Amino acid sequence: MSKAVHADQRYLKALINNDATLIKEIYQKTAGKIRSFVLSNNGNADDAQDIFQEALVDIYRQAKYKDLQLTCPFEPFLLLVCKRKWLNEIKKRSILQVTNGDDNLLHVGEDTFEQAEQLLAQQEQSRIFLAALSKLGGRCQEIIKWSMRGDAQEKVAEALGVSYGYLRKKKSECMASLIKMVTKDKYDGRR
Amino acid sequence: MMEEDKVLWVARYEEDDLSATERAEFEQQLPQDRQLQQHLSDYREIHRSLQMELGENADDQQFKSTLSEFGRQYFKDGPKAIKFSLLLRWMTSAAAILVIGLWIWSPWNKSPEDAFMEQNVMMVTDRGLTGDTKLDEAAADFNHQRYQEAKVSLKQLAAKAPDNAMVNYFYGLTLLKVNEFAEAVKVLDVIYNGESAFKYDAAYAIALAYWKQHNQSEAENWLKKIPPGTKNEELIEKLREELK
C-alpha cells in the first residue's frame, strides 16, 4: 500500500511554481540551522549556501520531473538531505573529523530517513546515467542531449539536419545502447 | 527473442519507431513478459532522469535565480557576535519599535494589492541579465517602490524587448501601482496570453486593476481564469472577500 502524501507537499508545489513567499519561509525556517551545522563542521557560509541550494534544486527536480511525493514533514527531510550532502562533501575533501556525527541535528522519523536516502540514491543514479552517456559516440550523445531539451522532436530533427524518421530510429538505437550499458553496470554491481 | 533485442524493441516502442503491426505485437507480448516489463520500466526511468539532468529550461533557471537571491540574504549576512548587555539594550528598543511598527503596519489587515506586491520582487541576477545597467536600475526602483521612476526605465526596456516576459510583467505591475489601469491591463493581458511563468500572476494583477476601479464583475472574471493550485490561492480568497 502506498503511503499517504504529507500536507507539506505544498512546499514541493511551491518550489515547482517558484512561489517566492513559501520559498522565503523555507529559508527563514531552515537556513540558519544548516549554516550552523556547516560552520561547525569545517565549512563556511558559502559552503552552507551551496549545499542548501543544491538540496533544494535536487528536491525541485525530483518533484518536477519524477513526481516526488512527500510522505514525511518537509523541514527534517530538507535538513537531512543537506546534512548528508555536506558529510559526503567533507569526505571528498578528506576532512575526517565531524562534530554532530550522528543525526542529532534534528529528530527525524524513519519515513524521513527513507525518503532522504531515496532522493540521494536517485541523484547518484542520475550521475551514473550521465557517465554512461558520456561513453557513447559523439553523434549519439548529440542526439540524446538535443532530444531531452523538451522541444518537439520534429524541431530537434530539423536542428540536427536529419529527417524525423531517422531521428526516431537513431535515438532508439542510442538509447538502447545506453540502457544496455547502465543495466549491465547495475547487474554487475549486484554480483 | 534475445534479451539485447528486447532492449532495442522497448526503445523503438517508446520512441514511436514501430509500425502499427509491430506496436500491437509489442503490446500483446508485454503483459506476459516480465523481462520486457523490466526493460520498459528501466527505459522510462533513465529517460526521465536524463530529461531532468539535460532539459533545463527558463523556469528552472528562474527558480535557481530565486534561490540565489534568498541564499545571499540568509547565508551571507549571518548572525554577528554582540555583547550581551548591548544585545539586551538593543532587544528592548527593538521590541518597542516592533510593537509600534506592527500597530502601524498591521500585516493582518494588509490589502490584497499590498500582499501581492510584497511577493513580487524583481530579480535580475543569474539570468544572464546582470550588467544591463538600465535593468538593474529598474529592478532597484521597483523593489524600493519608486514606481514612477521604475515606469520610465521599464517602458524603455519593454519597448526594446517586447518578448521579455519578466520585463513586461514588472512594467505591467508598475503601471498598476501608478494607477494607469488601461495600459496596465493591456500589457498584462499579453503576458496572460503567453506561456511564461508569470501567466497567472498577470491574471491576478489584472483582477486587482479592475478591483481598484470598483469593477467587481471583471475582477471576478479574471480571478476565474486562474486555475486551482497556483501559488496565489490565499490572495485569490483575500480578493474575493473584498469583492463581496
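Me: How many helices and strands does chain A have?

Reply: Chain A has eight helices and zero strands. Helices (H or I, at least four residues) and strands (E, at least two) are DSSP runs, numbered from the N terminus. This is a predicted model, where local features need pLDDT of at least 70, side-chain atom pairs count only at pLDDT 80 or more, and totals for chains, interfaces and linings use all residues. Residues are numbered from 1 along each chain as its sequence is written, chains are lettered from A and ligands numbered from 1 in the order in which they are written, and side-chain values use heavy atoms, with hydrogens and water left out.

Me: What about disulfides, how many does the structure hold?

Reply: One over all chains, where a disulfide is a pair of cysteine sulfur atoms within 2.5 Å. Cys140(A) and Cys174(A) form it, with their sulfur atoms 2.1 Å apart.

Me: Which parts does that pair tie together?

Reply: Cys140(A) lies in helix α6 (residues 138-147) and Cys174(A) in helix α8 (residues 164-190), so the pair links parts 34 residues apart in sequence.

Me: Left-handed or right-handed?

Reply: The link of Cys140(A) and Cys174(A) is left-handed, with -80° about the S-S bond.

Me: Is Cys174(A) buried or exposed?

Reply: Cys174(A) is buried, at 1% relative accessible area. Buried means under 20%, exposed over 50%, partly exposed in between (1.4 Å probe, protein chains only). Cys140(A) also counts as buried, at 13%.

Me: And what share of chain A is buried?

Reply: Of its 191 residues, 47% count as buried.
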